[in-house]
Amino acid sequence: MRRGVSLITMGQGNVKALKKTLDSFRGVYDEVVYGDMLIFDEDRLLLEKYQLEYPLRIIKLPFNYIFQMGFSNCLNFLINNAKNDLVLYMNTSEVIDEDYGINNIIDENPNCNAFYFSHREEKHRWFRLFDRREVEWSGRIHEEP
């Protein structure tokens, strides 16, 4: 049985770029939890239209939430609102740059609690898919698991 995956992301704008992220990871997640700190009503209307196409749950937050509470606090709040224990965190506009076979990797490693993404152009790895029961984020400005 495939483990459920919740995609966590947030934004204060750039909702059109969010669609690229949602499309890129389609088939990996079965839920999207979006932290809505949007400014413009037209962005919010577009976001609400996305709910017709994606399993998108919108959590409205004050525009200055990250400034007041810190980025990691915001990330942890959204993660705690996910329905799945396996959580994929991506920034708005981030896309997967090659076919990793993420679902096969998850299925073949049922006891694994963290997976990473590497990029062809960058030497570092992004640990962005993890078991929320075992990982918490810290740091006020930049996140650190």
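1. In which sense do strand β2 and strand β3 pair, and over how many bridges? Strand β2 (residues 31–36) and strand β3 (residues 56–60) pair in the parallel sense over 5 bridges, where pairing requires that DSSP finds at least two bridges between two strands, and strands (E, at least two residues) and helices (H or I, at least four) are DSSP runs numbered from the N terminus. Within this pairing, Asp-36 stands opposite Lys-60 in β3.

2. The model is predicted, so that local features need pLDDT of at least 70 and side-chain atom pairs count only at pLDDT 80 or more, whereas totals for chains, interfaces and linings use all residues. Residues are numbered from 1 along each chain as its sequence is written, and side-chain values use heavy atoms, with hydrogens and water left out.

3. Asp-85 forms salt bridges (a side-chain nitrogen of Lys or Arg within 4 Å of a carboxyl oxygen of Asp or Glu) with Arg-132, at 3.2 Å between the closest N and O atoms, and with Arg-133, at 3.3 Å from N to O. Asp-85 is partly exposed at 28% relative accessibility, as is Arg-132 at 22%, while Arg-133 counts as exposed at 61%.

Notes:
Buried means under 20% relative accessible area, exposed over 50%, partly exposed in between (1.4 Å probe, protein chains only).
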